[in-house]
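I opened this one to see what sits inside it and what surrounds that spot. Here are my notes, in the order I looked things up.

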Amino acid sequence: MAGLSHADTFIVDVPTIRPHVLAMATMHAQSMVIVRLTDADGIEGIGEGTTIGGLSYGEESPESIKSAIDTYIVPVLETCDLAQVGATMAKVARCVRGNHFAKCAVETALLDMAGKRLGIPVSELIGGGRVRDSLPVAWTLASGDTARDIAEGEEMLGLRRHRIFKLKIGKRDVRDDVAHVGAICKALGDRASVRVDVNQNWSEAQAKIGMAMLHDVGCDLVEQPIAGDAIAAMARLSKNQPVPLMADEALNGPRSAMRIASAHAASVFALKIAQSGGLFAAADVAAIGAAAGIGLYGGTMLEGGVGTVASAHVFATLPDLAWGTELFGPLLQTEDILRDPLGYADFSLAVPTGSGLGIAFDEDKLAFFRRDRASPVLHAVTAGA
Ligand code: MUC
Ligand code: MG
């Protein structure tokens with residue numbers, strides 16, 4: 001029995017390379033909850049739980065993710081054989097409702113341990129196993145300034161790092177947003193695919209006008225234009241607008257995937273491991289989408305290296321990933337907390353091949369960016385004063 005010997009959960013805050021402007025928040029740093037679990041055999045598994053903009057994106061914050069793991073999930077893990085990942089996560093699901101990001105972080109760590117124990121990559125533990133070793137990767141242009149976004153797009157094309165670009169809109173007037181998208185489509189031409197993410201910020205009426213205009217300026221895909229729970233309205237837009245609608249916030253696991261597919265409310269799914277409730281659940285969402293003829297896209301919560309690689313292992317098991325992925329999160333951060341940087345080249349990300357997740361931390365950087373790093377020092381100073 002591989003019992004839990006040690007669990008450590010902490011938040012790291014890493015600055016972003018530039019402000020990242022979304023409809024609901026402007027990010028200057030990314031906060032990642034890191035989970036490290038060690039079993040009785042001394043095998044360590046690592047996981048990450050990351051959201052965007054505190055509580056502005058969804059119902060879990062970095063602080064609530066950490067608290068859910070420490071207070072409610074670790075006591076369940078203490079009663080489990082961690083080598084049995086499915087059984088362990090089923091018990092966690094019985095004891096803890098919701099909290100998908102927290103569960104995903106823990107499941108990632110368990111799968112990392114399981115892969116290390118078996119000597120195989122995590123991708124071989126998901127669905128039918130790995131079918132690809134690299135994934136196309138989009139970049140998000142979200143500086144808030146059209147000229148700067150065009151320059152950034154040109155730079156990425158020149159570096160051969162990205163040729164799919166997602167623009168964050170929804171904050172300004174619809175016509176101003178469309179003018180911004182149109183200028184970028186015009187500048188990048190047929191060298192790139194340009195898509196937008198509205199992060200739920202339009203009404204159905206705005207979306208009707210906005211999606212029609214976006215189609216006319218050359219935008220390829222519109223992600224979550226209206227509220228994620230407005231399934232009937234998403235279905236009307238999917239039916240009547242020429243540009244495909246991608247579900248993101250609307251998807252929070254297999255049941256929501258089933259509802260959206262049955263209602264014909266989206267033609268593309270943004271798959272996210274954390275939003276789905278874990279790697280297994282994300283694979284189930286993908287299976288429902290594929291069976292319903294819905295296109296698949298590998299989404300991100302702008303995770304750092306651990307969450308990005310965990311997502312990559314799931315997306316590497318999908319035979320049909322027509323819309324590529326956006327697994328660029330670590331590149332948005334000023335420093336990589338992994339020992340070896342991930343392989344971004346030729347518009348793609350190489351999926352690690354080592355056992356488990358196939359990655360390790362840079363311990364110095366991890367220690368530097370820990371939110372609680374100051375406390376022991378402060379404590380020592382206070383104690384000595
Ligand atoms: C989202 O809503 O999709 C993904 C890329 C990005 O820039 O933000 C995220 C979140
Ligand atoms: Mg989105």
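**Ligand and cavity**

I checked where ligand 1 sits, and the space it takes is the largest cavity (a molecule sits in a cavity if more than half of its atoms lie within 2 Å of its grid points). My model is predicted, so local features need pLDDT of at least 70 and side-chain atom pairs 80 or more, while totals for chains, interfaces and linings use all residues. Residues are numbered from 1 along each chain as written, chains are lettered from A and ligands numbered from 1 in written order, and side-chain values use heavy atoms, without hydrogens and water.

**Around the ligand**

I found 16 residues surrounding ligand 1, the closest being H20, T140, K166, D197 and N199 (near means a heavy atom within 4 Å). I then looked at polar contacts (here, pairs of N or O atoms within 3.5 Å). A polar side-chain atom of H20 is 2.8 Å from an oxygen atom of ligand 1, and one of K168 is 3.2 Å from a ligand oxygen. For the D197 side chain, an N or O atom lies 3.0 Å from an oxygen of ligand 1.

**Placement**

Which domains give residues to the shell around ligand 1? Domain 1 (4-119 + 363-376) and domain 2 (125-350) both do, so the ligand lies between them; the bounds come from an automatic or database domain assignment.

Technical notes. Polar contact = N/O pair within 3.5 Å; in protein donor to acceptor, adjacent residues only side chain to side chain. 1 Å grid on protein atoms, 1.4 Å probe; cavity = no way out; pocket = protein on both sides within 12 Å on 5 of 7 lines; lining within 4 Å.
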